[in-house]
Structures are given as C-alpha cells and as structure tokens.
Amino acid sequence: MKVAAGTWLQDQAVTELLALSGRALPLLRRWAAEDPSSGTARALLTLATSDSLSDAALKDQLVVAHRDAQASGERAASLVYGVYLHTHRQFRLTADHLVAHFARWPADEVAGLMIGAFSACGETAYRVHGDALVEEQSALAGPDSWAWTGWLAVTRAEQGRVREAHRLARQALEIHPRSGVAVHALAHAEHELGAGRAGVEHLDGWLAADPHAVQARHLNWHAALHSIACGDFPDARRRADTALERGDVGMRAGVNWRLLLAGQTPAGRSDVAQVRDLLAGPGGTAEVFHTFNLALALAVEAATDDLHALAYRTATDQRPEFRDVLTPVVQALAQITEGRPAAAAALLSALGERTRRIGGVRVEREIIQDTLARALAGAGAYEHAARLLRHRTAGRRHHVYEDLLLTARAPVAAPGPL
C-alpha cells in the first residue's frame with residue numbers, strides 16, 4: 001500500500017479502515033491507546049467515530065492530533081489537517097487540501113478515505129475534478145492497489161460506466177475480498193445491470209463474514225433493492241424491518257416508496273412525528289439530499305399537509321438546489337398523495353437533468369425517475385412512461401419492478417401513490 005510503513009498493529013488498523021471493516025474500530029482504539037502520541041492514530045480514530053462526537057470533542061481531539069502529527073512529519077500533519085476539515089464538513093476546503101496533498105504524496109491511500117469530499121461539495125466542477133483525481137491517483141497507484149481500484153470502480157459506477165465499474169470492483173475484490181468500497185461499487189453496478197437474486201446472494205455471503213461492517217445496513221438496503229428488482233417483495237420488507245434501524249429514515253423511506261410505487265405493501269413505516277422533529281432540527285434542511293429523504297418518508301405516510309408545508313419552506317430557501325430543484329420534487333410528492341398524477345408528472349418532467357442537484361448517487365436519485373414513470377402511467381401516458389424506462393427494461397436482467405411501474409391499475413388506498 002502507498003502508506004508509510006508501520007508496526008503490524010498500525011498496518012492492520014489502516015487496512016481494516018480502508019476496507020470499511022467492522023474490525024477497524026477496535027484496532028484503531030488499540031493503536032491510539034498503545035501510542036497516545038501518534039497524531040495519525042488519534043485522527044483516524046476520530047474520523048471513524050466523528051458522527052458520535054460533539055463539535056467540541058471533535059475539535060479537541062483533532063487539535064491534539066495535529067500537534068502530535070507535526071512531530072511525525074509533514075505528511076502526517078497534512079493528513080490530520082484533512083481529517084479536521086472533512087469531519088467539520090468543510091468539503092470544499094477538504095477537496096482543495098487533498099489536491100495539494102496528493103501533489104506531494106501521490107496515491108496516498110489513507111488520504112483517499114476523504115475523496116468523497118469532492119462529490120459532497122454539491123458542485124459539478126468539484127465532482128468532475130474529483131473524478132479526474134481518482135483516475136490519476138489510481139493510475140499512479142497501479143492495479144495492485146485494491147483501495148484505489150475500488151474508488152475508481154465507485155467513480156465509474158456514478159459516471160454510468162457500469163460494466164467497467166463491475167470489472168474494477170471484481171478486480172479489487174480479487175486482491176482483497178473484504179474491501180467494503182469494492183463490494184459497494186459492485187452493488188451499484190449490479191443494480192444497474194439488474195442482478196436480482198444473484199446480487200442478494202453475493203451481498204449476504206459477503207456480510208456473513210463481517211456482520212458489523214461499516215456499511216452493513218446500507219448493503220442490506222442494496223440487497224432490498226435487488227429483491228425489489230426481481231419481485232421478491234417479502235424479502236425487501238423483511239430487510240427494511242430487521243436490518244434498518246429507526247434512525248435509517250432515508251433508507252427505509254427509499255424501500256417503502258419503491259414498494260408503494262410498484263403497488264406492493266410497504267414494510268414498517270417511519271413515525272411522522274419523528275420525521276417532523278428531524279425537519280425541525282438543525283440538520284433537517286442542512287443538506288438537500290437529507291431533506292429529500294425526509295420528504296420521501298412523508299410521502300410514504302401520505303402526509304400531504306406536511307409535504308405542502310415543506311414545499312413552501314424550500315421554495316423560500318435562498319439555496320438554489322432547495323428552491324429550484326427540491327421544491328418541485330416535494331410538490332410532486334404532495335400531488336401524488338392527493339391522487340393527481342398528471343400534475344406530479346408535469347412538475348417532475350420539467351426538471352430534466354436538474355434532478356442531479358438533489359445530491360446522493362445514481363441509485364438513490366433513480367427513485368425520482370421511478371416516481372415520474374408511475375405518475376405518467378397513473379395519468380394514462382403509458383407510452384411516455386415506457387420510453388422513460390426503456391433503457392432499464394432493455395438493459396437489466398431483472399426488471400419486475402420497472403414492469404410494475406408501467407402497469408395499469410386502479411388507484412390504491414392511501415397511504416400510497418396513485
């Protein structure tokens with residue numbers, strides 16, 4: 001690996017962290033305890049646990065880590081400063097810092113853990129720059145770097161270069177079968193290819209070896225989507241009810257809204273009061289994709305009044321992605337819950353490619369296209385809906401879900417679309 005050589009404990013902790021393994025956290029804690037003056041150990045432990053730390057604790061840990069890292073050299077200090085920016089959600093500054101970091105320390109795999117900062121900026125220029133940087137660093141690292149090969153697979157999946165993403169993910173997994181990044185990229189590629197039951201079986205086998213993997217719940221969400229694709233709706237409901245926690249509002253809503261669009265019974269739903277509390281809290285409208293997921297949760301519950309209130313709120317937001325993109329999406333969801341599919345279709349059709357500004361990744365944003373297709377079908381525009389999904393029904397091995405989106409049926413009782 002393109003990381004500074006250390007003791008067995010350091011190397012193993014870094015390997016497990018790069019793999020997003022459930023074994024990473026105990027090793028990072030042990031490394032930090034055995035070498036309390038290591039700024040790198042403290043910073044990586046803080047990176048891995050940042051979601052559970054208060055702002056004050058986060059700052060305190062990383063100030064100490066940066067001080068200690070300076071004694072270890074410029075690379076360590078630069079790495080810790082990047083962690084500081086990333087964990088404080090200063091994504092543009094993180095991206096700018098990474099450009100300078102990689103110029104001095106090419107293909108640094110530990111710094112690659114923060115490569116998502118480029119897409120998290122929410123700006124096309126940063127995303128494109130990040131994609132180019134991943135390509136460059138992967139080439140510098142060479143094909144033996146499973147970490148950079150995995151990140152390149154993620155990039156290719158998001159670019160829609162699905163078969164290349166699939167090949168790269170498999171290549172990374174051949175080198176290091178426990179790469180969480182690579183198995184996640186593979187799940188994205190197999191969603192696009194319609195892997196269905198084969199995708200479910202692969203994810204279940206992979207998770208069985210490390211049920212505490214960092215992405216365990218998210219990979220179960222991907223497995224639920226694979227099950228929906230091939231019509232195994234009971235499995236999708238089971239995963240939503242057993243693998244996703246109460247706090248996984250967005251993933252639960254994503255599964256349930258797809259089930260409802262396909263005319264199926266949803267899994268256990270979210271608590272509307274919980275969604276209202278999340279929207280009212282400081283993080284409710286901090287990021288557009290998070291707010292979008294909360295809107296989906298309201299749609300699952302057919303909480304029309306709440307959707308109208310949210311649309312009014314986002315329409316007066318000064319951020320263009322909220323005002324100009326999220327608002328018509330929320331309005332469309334409200335129209336669907338009111339049984340007005342033609343109005344919803346008009347709102348979503350007008351957005352076109354701007355839906356990308358909602359954030360998230362292709363697999364997550366696809367639900368907007370699903371909603372448009374179902375609204376068109378609900379309004380009787382079956383040929384238009386079929387054209388919208390033709391690339392999916394023609395290119396995916398399993399597409400029971402898409403077939404159901406296009407199927408004529410009587411309106412279902414609320415809560416549920418159309």
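Is R127 buried, partly exposed or exposed? R127 is partly exposed, because its relative accessible area of 23% falls between the 20% and 50% limits. Welcome to this predicted model, a chain of 418 residues of which 54% count as buried. The secondary structure comes to 24 helices and 0 strands. Here is a short tour, from the whole chain down to single side chains.

**The chain as a whole**

- Along the principal axes, the C-alpha atoms fill a box of roughly 70 × 45 × 35 Å.
- Take the contacts between residues at least 6 apart in sequence: 60% of them join residues at least 24 apart.

**A look at helix 14**

- Helix 14 covers residues 216–229, which makes 14 residues.
- From its first C-alpha to its last, helix 14 reaches 20 Å, close to the 20 Å expected at 1.5 Å a residue.
- Helix 14 is mostly covered, with 13 of its 14 residues buried.
- After helix 14 comes G231, which has a positive phi, near 85°.

**Aromatic rings**

- The structure holds 3 aromatic pairs. One of them is F102 with W148: the ring centres are 5.6 Å apart and the planes stand at 70°, so this pair is edge-to-face.
- F102 belongs to helix 6 (residues 91–104) and W148 to helix 10 (residues 146–158), so their pair ties together parts that are 46 residues apart in sequence.
- Both F102 and W148 are buried. W148 also forms an edge-to-face aromatic pair with W151, at 4.8 Å centre to centre and 75° between the planes.
- W148 and W151 are 3 residues apart in helix 10, so about one helical turn separates them.
- W151 is buried, as is W148.
- Together, F102, W148 and W151 form one aromatic cluster.

**Charges over rings**

- R178 places its charged end over the ring of W206, 4.0 Å from the ring's centre.
- R319 lies over the face of F322, and here the distance to the ring centre is 3.9 Å.

**Salt bridges**

- How many salt bridges does the structure hold? There are 32 salt bridges in the structure.
- R127, the residue from the opening question, forms a salt bridge with D131, and their closest N and O atoms are 3.9 Å apart.
- R127 and D131 are 4 residues apart in helix 9 (residues 124–141), so they are separated by about one helical turn.
- D131 counts as buried, because its relative accessibility of 16% is under the 20% limit.
- R323 and D324 meet through their side chains in a salt bridge, at 3.1 Å from N to O.
- R323 is partly exposed, with a relative accessible area of 32%, and D324 is partly exposed too, with 30%.
- A salt bridge also joins R396 and E366, where the closest N and O atoms are 2.6 Å apart. This pair links distant parts of the chain, 30 residues apart: R396 is in the loop between helix 23 (382–395) and helix 24 (400–405), while E366 is in helix 22 (residues 362–378).
- Both R396 and E366 are buried.
- R396 and E366 also belong to a network of salt bridges, in which they are linked with E192, R258, R362, D370, R392 and E402.

**A stop at V154**

- V154 has its place in helix 10, the helix that also holds W148 and W151.
- Is V154 buried or exposed, or something in between? V154 counts as partly exposed, because its relative accessibility of 36% lies between the 20% and 50% limits.
- Leaving aside neighbours within four places in sequence, V154 is in contact with V181 and A185.
- V154 and R319 are 165 residues apart along the chain, and their C-alpha atoms are separated by 28 Å.

Definitions and conventions. Residues numbered from 1 in each chain as written. Predicted model: local features only at pLDDT ≥ 70, side-chain atom pairs only at ≥ 80, totals over all residues. Heavy atoms only, no water. Helix = DSSP H or I, 4+ residues; strand = E, 2+ residues; numbered from the N terminus. Expected span 1.5 Å × (residues − 1). Buried < 20%, exposed > 50% of the residue type's maximum accessible area, 1.4 Å probe, protein only. Phe/Tyr/Trp six-rings, centres within 6.5 Å; stacked < 30°, edge-to-face > 60°. Lys NZ or Arg CZ within 6 Å of the ring centre and 35° of its normal. Salt bridge = Lys/Arg side-chain N within 4 Å of Asp/Glu carboxyl O. Contact = heavy atoms within 4.5 Å.
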